[in-house]
Amino acid sequence: MSEETQVPPPTTETPATHDWEERWSRSRARAYYFNRATGESQWERPANIENIPVATKMEEQIRASHLLVKHAGSRRPSSWRKEKITITKEEAIQALKEYRDKIVSGETDLPTLAKTESDCSSAKNGGDLGLFGKGQMQPAFEKAAFALQVGELSEIVETDSGVHIILRTA
């Protein structure tokens, strides 16, 4: 007696059984796919998976500008302003306190100051980072930015990139 072997039909995973989500690349201005479980990302939509959720809905996005001061201990201690950054973290914090004081006093505004003093490439846009959602920024930056009200300026925020002040704009 022979036993018949049946090959199961290809399955289509549902959102409950996969970890893929669609994200938006600001640098490439196109969607990409990110697997939360493995950290893998790819440009092509994963095969045999329907209903890939979009990582962030518009109502969960905010817009912010920032001014970043890098220091010798930053993840990448170089910027468009200076090839090798050698200042200490304490010096970076002191500079940022002075910048923040100028903004709060009305002497200048963050976009103007960011254009000349920020170590982030967003300086050319006055520090504007555009719209972003949860999971797109470093955790400390995200937490601070989402806690702000529109028009509110943060205290100093420390990340692996350096120290920041953040202005929520939308």
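Q: What span should helix H1 have, and what do its end C-alpha atoms give?
A: H1 covers residues 89–105, so its 17 residues at 1.5 Å each should span 24 Å. The end C-alpha atoms are 24 Å apart, which agrees. The expected span is 1.5 Å times one less than the number of residues. Helices are DSSP runs (H or I, at least four residues) and strands are E runs of at least two, numbered from the N terminus.

Q: What are the ground rules here?
A: This is a predicted model: local features need pLDDT of at least 70, side-chain atom pairs count only at pLDDT 80 or more, and totals for chains, interfaces and linings use all residues. Residues are numbered from 1 along each chain as its sequence is written, and side-chain values use heavy atoms, with hydrogens and water left out.

Q: Which residues of H1 are buried?
A: Ala92, Ile93, Ala95, Leu96, Tyr99, Arg100 and Ile103. They sit on the same side of H1, because their arc around the axis is only 160°. That arc takes directions from the helix axis to the C-beta atoms. Buried means under 20% relative accessible area, exposed over 50%, partly exposed in between (1.4 Å probe, protein chains only).

Q: And the face turned away?
A: Glu90, Asp101 and Ser105 are exposed there.

Q: What covers the buried residues of H1?
A: The cover includes strands E4 (62–69), E6 (157–159) and E7 (162–168), plus helix H2 (110–117).

Q: What follows H1?
A: Gly106, with a positive phi near 90°.

How values were computed: Contact means heavy atoms within 4.5 Å.
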